Amino acid sequence: MARAASGGAVSTLRWVERRQLEYFLALVEHGGFTNAARVLRVAQPSLSHAIAALEAEVGGLLFHRLPHGAVLTPAGEALVEPARQVARDLVTAMASVREVLGLSGGRLDIVAQTTLAVDPLARMLGEYVARHPRVAVRVTDPERGSEVDHRVRTGQCELGLRSATLGPGELEGVDLTEQELFLVLPPGAVAPEAAGDPVQLAELSALPLVATPEGTGIRDILTEAARELGFEHRVAVETAHRAMIVPLVLAGAGATLLPPSMADEAASKGAVVRATDPVLRYRGRLVWRAGPLSPAADSFVTMTREHYAQAP
């Protein structure tokens, strides 16, 4: 099994039934035969038999059977990523055939950091769904940008949208147009006569801030700006729950930085929105694995290049 994992796992999996891969990955995700069988809607003995047949095919145990679940063996851990890749390739191949035959609009799986999912991904998907109403779209949300690359690389999602501050990485990709970040303050935090003036970034050192954890897109932009301009920033409330950020600002817990659409929404609820000097900008990067994409993903990438990509 070790030899297969290091170089020939995908070749070995060519002889494995698609059903066995689906069962294996369901067992990995749900951690036990009972839960996996329920999700798959198959009898538990059928699931056990399929996994045993897979283990016989690869030549070793993939799971430790425990009283309260199933835990991957080292051989099983080595099989997870190749199995996801093969499963994703099968989905892509079937989607391509269905698109040619006109049987289905396909499926688009995107993993996106929350801020980028709100803006610009919501706008992008609005345009995309209008063009391709038969495509089923699923968007999932990781906490950190590095997780986006991981999910795309391992075949859990076909496309990913994460902060371009992480650099190009190992995946194929295209950078999106830059957007400005705005400082959002609690209601009444700024005198009316100063409401239109930009806030010097160094002034953020005097403000309590509401921010997402370190390693997330906008938090990293703020940290880098503070380092370059030589000021300290104080995070009063750190939360991974993005939906809390605007309510926390409105409640007076602190200020924050938001992209235009989220800043506009906060302003409509009474928050004070100011530009910064110098201007802070952020940019997303759409990423995918090298190789053929499903028709749904390929059309989304084409649309992105035509309407949302950063100019060279």
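Select aspartate 119 and arginine 123, whose side chains meet in a salt bridge with an N to O distance of 3.0 Å, a salt bridge being a side-chain nitrogen of Lys or Arg within 4 Å of a carboxyl oxygen of Asp or Glu. The two residues are 4 apart in helix H6, and therefore about one helical turn separates them. Helices here are DSSP runs of H or I with at least four residues, strands are runs of E with at least two, and both are numbered from the N terminus. Aspartate 119 is buried at 3% relative accessible area, whereas arginine 123, at 45%, counts as partly exposed; buried means under 20%, exposed over 50%, and partly exposed in between, with a 1.4 Å probe and protein chains only.

Before going further, note that this is a predicted model, in which local features need pLDDT of at least 70 and side-chain atom pairs count only at pLDDT 80 or more, while totals for chains, interfaces and linings use all residues. Residues are numbered from 1 along each chain as its sequence is written, and side-chain values use heavy atoms, with hydrogens and water left out.

**From helix H6 to the sheet**

Now show the whole of helix H6, residues 114-131, which lies across strands E3 (107-112), E4, E5 and E15 and runs at about 160 degrees to E3. Such angles run from 0 to 180 degrees between N-to-C directions, with axes fitted to C-alpha atoms, for helices over the stretch in contact.

Which strands make up the open sheet, and in what order? There are 5 strands, in the order E4-E3-E5-E15-E6, and their pairing is mixed. The edges are strand E4 (136-140) and strand E6 (172-175), each of which pairs on one side only; two strands pair if DSSP finds at least two bridges between them. On average, neighbouring strands of this sheet are turned by 20 degrees against each other, direction ignored.

Within the sheet, pick out strand E5 (residues 159-163) and strand E15 (residues 284-288), which run antiparallel and are joined by 5 bridges. If you select arginine 162, its bridge partner in E15 is arginine 285. Arginine 285 also belongs to a network of salt bridges that links it with Asp175, Glu178 and Arg283.

**Helix H7**

Next, display helix H7 (residues 145-153), which packs on the sheet, touches E3, E4, E5 and E15, and has a direction that makes about 165 degrees with that of E5. Contact means heavy atoms within 4.5 Å.

Is arginine 151 buried or partly exposed? At 19% relative accessibility arginine 151 counts as buried, while glutamate 147, at 28%, counts as partly exposed.

Then move to arginine 153, also in helix H7 and partly exposed at 32% relative accessibility. Leaving aside neighbours within four places in sequence, arginine 153 is in contact with Glu81, Gln85, Glu170, Leu171 and Arg289. Tryptophan 288 is 135 residues from arginine 153 in sequence, yet their C-alpha atoms are 7.6 Å apart in space.

Select arginine 219 and glutamate 238, whose side chains meet in a salt bridge of 3.0 Å, N to O. Arginine 219 lies in helix H8 (residues 217-229) and glutamate 238 in strand E10 (residues 234-238), so the pair ties together parts that are 19 residues apart in sequence. Arginine 219 is buried at 8% relative accessibility, and glutamate 238 is partly exposed at 48%.

**The whole chain**

Finally, zoom out to the protein chain, whose secondary structure comes to 11 helices and 15 strands. Of its 312 residues, 44% count as buried, and the structure holds 14 salt bridges. Among contacts between residues at least 6 apart in sequence, 75% join residues at least 24 apart.
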